[in-house]
Amino acid sequence: MAKHLFDRFYALEASLKAKSFSGAARQMNETTSQISRRIKALETDLGVTLCDRHRDGVSPTAAGLRFMSEMAPLIREFEALEAGLGGQKKMTLTLKTPMTLGSVLFSKLPNLLLKLNPDAPTDVPLTVTPLHDEIGLPHLTTELAVWIAETPPDADVIALRLGSLDYVVVASPDYLTANGDPQMVGDLNFHPILMNKRGHLTLFQGEHEHTVNSPFTTRYDTDLSLLVAALSGAGIAVGIPRYLAQPSIDDGRLVRLLPGWSMETQKVWLLRLPQRFPDLATQRLIVAIKTLWKDTPGCLT
């Protein structure tokens, strides 16, 4: 229990102050289920119920009041000790990301960190690790991970929602000159379709939706391969991340098609281990990640 005591204490404290798990989740930039799981884990370890759950929210039990009154001073005392000791040990920050996000977007982080913190020490190196396979959970306090998923993992980690990824339909001007520009969404069924392995083939416009059903479809393992194929004029790319395609749209190498139609977005989370006071280098990295995300077209907040 000691490893996660601080994180679970703060979840309970925030919930009792907000009088609800959802209020605590908003305050801590987490999900309601994460807050609930942490408090339940704390109750299981202690063998007592710390708060009553009811329709209007939560309220402390007698055991919860005692736990808060006796534990809070100890937590504050440790915080003061931690702050007073100061100093930073030598370390390396690691950010694990999906392949294309890491290669194209988050590879910009080292330069952005220098720009945002010109006077900060530069002796804390950052390693951005793009991974083609499944992204593992952070296992060190100096390690963060980017997840693309509808919900964060069911694990004792801090999950900050960065936002969501926007997807678009594009083709090269040469392809459109040779094969025609689809004017209606149904026209896509008569073109060679390029897509990523996630299979984004359904487009939406208000209450209407259309699933592309072309007999000529090529799948690519990575979005980078999909981009290269679209630039080469191999067909129409359906469901390419807008942050990846936007530079080529801006310089005219790709044309965005059917802009009145949208595709389902995907949520993106930044994960880190529970830690009440992350070291300064980690805090700066989180700020840089959020800034980069906010300033990138196609990365929705």
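A residue counts as buried when its relative accessible area is under 20%. Phe-9 has a relative accessible area of 0%, so Phe-9 is buried in this predicted model.

**Aromatic residues**

Tyr-10 has a relative accessibility of 4% and therefore also counts as buried. The ring planes of Phe-9 and Tyr-10 stand at 75°, with the centres 5.3 Å apart. Because angles over 60 degrees count as edge-to-face, this pair is assigned to that class. Phe-9 takes part in a second pair, with Phe-67, which is tilted. The centres of these two rings are 6.4 Å apart, and their planes make an angle of 55°.

| Aromatic pair | Centre-to-centre distance | Angle between planes | Class |
|---|---|---|---|
| Phe-9 and Tyr-10 | 5.3 Å | 75° | edge-to-face |
| Phe-9 and Phe-67 | 6.4 Å | 55° | tilted |

A search of the whole structure finds three aromatic pairs, including the two tabulated here. One aromatic cluster is formed by Phe-6, Phe-9, Tyr-10 and Phe-67.

**Strand S5 and its partners**

Strand S5 covers residues 143-148, and five of its six residues are buried, leaving the strand mostly covered. S5 pairs with strand S3 (residues 93-98) in the parallel sense, over three bridges. Within this pairing, Ala-145 of S5 stands opposite Lys-96. S5 also pairs with strand S15 (residues 266-272); here the strands run antiparallel and are joined by five bridges. Val-146 has Leu-270 of S15 as its bridge partner. Strands of a sheet pair through backbone hydrogen bonds, in either the parallel or the antiparallel sense.

**A three-stranded sheet**

Three strands form an open sheet in the order S10-S9-S14, and their pairing is antiparallel. Strand S10 (208-211) and strand S14 (262-263) are the edge strands, each pairing on one side only. Strand S9 (residues 202-205) is joined to S10 by four bridges, and the two run antiparallel. Across this pairing, His-210 in S10 stands opposite Leu-203.

How values were computed: Residues numbered from 1 in each chain as written. Predicted model: local features only at pLDDT ≥ 70, side-chain atom pairs only at ≥ 80, totals over all residues. Heavy atoms only, no water. Pairing = 2+ DSSP bridges. Buried < 20%, exposed > 50% of the residue type's maximum accessible area, 1.4 Å probe, protein only. Phe/Tyr/Trp six-rings, centres within 6.5 Å; stacked < 30°, edge-to-face > 60°.
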